[in-house]
Amino acid sequence: MVQLSKFLIAAACVAVPTLAHPGEKHDAHVLKREIRLRDAHAAAAKRSLGGCENSLHARNLAKRNVARRANAVKQLRAKRGITEGTDKWRRTLADIEKWEAVNHNKTDILNNSPATSESVIFSANTSCILTPTITDGPYYVWGEAVRQNVKEDLYSDGVDIALEIQYIDINTCQPVPGALVDIWNANATGIYSGISVSGNYAEDGWDSTYLRGIQETDKDGVVTFNTIFPGHYDGRATHTHLLTHLNATLLPNKTLEVGTGSIAHNGQLFWNEDLRSAVEDTYPYNTNTQSITTNAGDMWSILQASSAYDPFPEYIYLGDSLDDGLFAWIQIGINSTLDYTNNSYYSIAAYYDADGGHENSSGADGGSGGGSKPSGSVPSGVPSGTPSSGAIAN
């Protein structure tokens with residue numbers, strides 16, 4: 001059975017009395033309306049997927065997905081000189097919240113038998129529809145460079161993740177090629193690059209670029225990033241940000257042209273508590289003194305995961321410990337005909353250009369209505385620093 005009906009939703013949920021990103025503000029009544037709208041969109045999109053998920057092209061895509069992920073893991077293990085079998089870290093499903101009960105850890109399946117089918121391990125087991133009404137927070141930076149490896153020499157230590165993200169159009173069950181995908185997350189001590197504001201004083205301030213970058217989806221709608229497991233910070237569950245542009249223009253210097261394209265997806269990936277707990281025991285995560293917020297306590301994910309919604313990537317350990325890194329993957333269903341550029345959840349905190357990073361003078365703060373396409377000079381810089389030698393792949 002082709003699993004194209006199982007995609008991610010990254011959607012706003014009921015607000016609880018906790019901070020999101022420092023400086024972020026949202027109206028609880030508006031959030032509730034967004035949740036009802038999300039559910040309506042999800043129901044309609046699920047019906048749409050049901051009409052095409054068993055088509056020949058969908059079945060062939062599923063086979064390519066399995067083969068690609070299996071091959072990626074083999075190459076990553078070979079590059080890192082891993083010859084022993086993989087091993088799970090620790091996994092106590094009884095301790096996971098009811099709505100997080102889906103086991104996303106494929107490591108133990110990989111250990112079951114050398115004859116275990118790759119389709120069992122590497123098929124997608126994420127859920128169905130994405131409605132991108134979740135905040136990008138006040139930390140989105142326009143002008144980051146196209147690069148697969150977003151790790152840099154400084155401020156990027158942590159557990160390596162080779163992350164594969166696949167975009168599928170919910171109207172056709174076809175992959176979405178040519179999308180430009182921004183990724184960003186906090187480092188191991190819970191600090192974002194490119195920002196220097198109360199609650200997030202990044203080393204190198206507005207000029208810093210670690211753990212940020214852009215990739216273009218291939219013919220199968222796939223992008224891959226070499227990054228690290230994100231660190232936590234006060235008021236938010238551990239998460240990774242994604243923002244997806246359609247029909248945007250890439251400049252020769254490998255940055256996005258200002259004001260081009262649409263915003264088709266604005267969401268976050270969450271990481272289950274089992275994995276987060278294991279990562280937090282390692283250095284330098286264990287030096288992070290900020291308070292930990294669980295997925296159940298997060299204002300954006302508290303009602304997000306259910307039988308229909310699952311914001312957690314699948315993952316396996318590449319070796320017998322987290323020191324060897326992780327491979328993680330997820331499918332995201334989007335409606336390519338929609339544009340969320342003017343949605344109140346889309347805002348730009350800063351720009352990066354030839355002169356470095358700059359705060360957005362318009363004061364967009366991630367949810368106060370800072371949407372609309374950016375204006376001003378065209379970003380023309382490239383990230384400072386260089387990818388670290390510890391990255392999983394080139």
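Q: Among contacts in the protein chain between residues at least 6 apart in sequence, what percentage join residues at least 24 apart?

A: Contact means heavy atoms within 4.5 Å. Here the figure is 82%. Before we go on, this is a predicted model: local features need pLDDT of at least 70, side-chain atom pairs count only at pLDDT 80 or more, and totals for chains, interfaces and linings use all residues. Residues are numbered from 1 along each chain as its sequence is written, and side-chain values use heavy atoms, with hydrogens and water left out.

Q: How many helices and strands does the protein chain have, and what percentage of its residues are buried?

A: Helices (H or I, at least four residues) and strands (E, at least two) are DSSP runs, numbered from the N terminus. The chain has five helices and 13 strands. Buried means under 20% relative accessible area, exposed over 50%, and partly exposed in between, using a 1.4 Å probe and protein chains only. Of the 394 residues, 59% are buried.

Q: How do I read a strand such as β8: which residues point one way and which the other?

A: In a regular strand the side chains alternate between the two faces of the sheet. In β8, H239, H241, L243 and H245 point one way, while T240, L242, T244 and L246 point the other way. Eight of the eight residues of this strand (239-246) are buried, so β8 is largely enclosed by the rest of the structure.

Q: In which sense does β8 pair with β3 and with β9?

A: Two strands pair if DSSP finds at least two bridges between them. β3 (residues 180-184) pairs with β8 in the antiparallel sense over five bridges, and V181 has T244 of β8 as its bridge partner. With β9 (residues 262-270), β8 is again antiparallel, over eight bridges; there, H241 is partnered by Q268. Q268 is buried, at 0% relative accessible area, and its C-alpha atom is 9.5 Å from that of F312, 44 residues apart along the chain.

Q: How many residues lie between β12 and β13 in their hairpin?

A: Two residues separate them. Four bridges join β12 (350-353) to β13 (356-359) in antiparallel fashion, with Y352 opposite G357.

Q: Which residues touch the most other members of the largest nonpolar core?

A: In soluble globular proteins, nonpolar side chains tend to be buried together. A nonpolar core is a set of buried Ala, Val, Leu, Ile, Met, Phe, Trp, Tyr and Cys residues joined through side-chain atoms within 4.5 Å. The largest one here has 36 residues, and I165, Y167 and L275 touch the most other members. Elements giving it two or more residues include β2, β3, β8 and α5, and the largest share, five residues, comes from β11. Another core, of 24 residues, lies apart from it, with A248, V258, I263 and A350 among them.

Q: What volume does the largest pocket have?

A: On a 1 Å grid over the protein atoms alone, a pocket is an open set of points where a 1.4 Å probe fits, with protein on both sides within 12 Å along at least five of seven lines; lining residues have an atom within 4 Å of a point. The volume is about 290 Å³. Of the 15 lining residues, the closest to the centre are A72, Q75, L76, Q148 and T224. α2 gives the most to the lining, with six residues.

Definitions and conventions: Points joined across faces, edges and corners; volume = space filled by probe spheres on them.
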